[in-house]
Amino acid sequence: PYPAATQALGNAITAGNVRQLQEQHVSRLAQTRERLAEYLTEGVLTEDLVSSKTSALINCLRQANTSIRWLLLQPTTEQPKLKVVCNSSALMKEQLLQALVETALLEEKVKGLLVPLVARRDADWQRQKAHAAQAMDDLAVYFSGQHALRRNVRNEELEQFFR
């Protein structure tokens, strides 16, 4: 329906470009599978790790999903020259399937850890806020000069600031 667009894409999408993209995705998939294996090691994925490295986990999952999708969809092209380039070996298909399973497992585990964290987020916030308020009150008492600590110096400005 759009001959100019088809011609422009035909000029830009060459077998060499597709081969280069395929090599990039295969390489990225190998690196991502190593990270997936690290995260999926028993005992590594904890609430602390998920809360501190959420962006790294999401980025790993995003890269895995992107490469898997590209490598699965490109062989479905209708252009014979590109189909030859994109044909995958049985070993490649096995690796793709394994990466898909590993990615799904990590997604499930991350979701399982994130859902309770998000559910108790408000309670944790209230507890931390109360703890911080108590610490500020303790500082105000210290700077009031009435606390039984050595080298206790009265400073009304700091006392008011911390109240």
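Biologist: Which residues of the largest nonpolar core touch the most other members?
Modeller: Bear in mind that this is a predicted model, where local features need pLDDT of at least 70, side-chain atom pairs count only at pLDDT 80 or more, and totals for chains, interfaces and linings use all residues. Residues are numbered from 1 along each chain as its sequence is written, and side-chain values use heavy atoms, leaving out hydrogens and water. A nonpolar core is a set of buried Ala, Val, Leu, Ile, Met, Phe, Trp, Tyr and Cys residues joined through side-chain atoms within 4.5 Å, and buried means under 20% relative accessible area (exposed is over 50%, partly exposed in between; 1.4 Å probe, protein chains only). Of the 13 members here, the ones you want are Leu36, Tyr39, Leu45, Val50, Leu57, Leu106 and Val110.

Biologist: And which element gives the most to this core?
Modeller: Elements are DSSP runs numbered from the N terminus: helices (H or I, at least four residues) and strands (E, at least two). Those giving two or more residues to this core are α2, α3, α4 and α6. With 4 residues, the top contributor is α4.

Biologist: What covers the buried residues of α4?
Modeller: The buried ones are Leu57, Cys60, Leu61, Ala64, Ser67, Ile68, Trp70 and Leu71. Residues three or four places apart on an α-helix point the same way, because there are 3.6 residues a turn. The cover on α4 includes α2 (15-40), α3 (47-52) and α6 (90-119).

Biologist: How far apart are the end C-alpha atoms of α4?
Modeller: The expected span is 1.5 Å times one less than the number of residues. For the 20 residues of α4 (54-73) that should be 28 Å, so the model agrees, with its ends apart by 28 Å.

Biologist: Which residues is threonine 32 in contact with, leaving aside neighbours within four places in sequence?
Modeller: Threonine 32 lies in helix α2, and its relative accessible area is 1%, so this residue is buried. Contact means heavy atoms within 4.5 Å. On that basis, the partners of threonine 32 are Cys60, Gln63 and Ala64.
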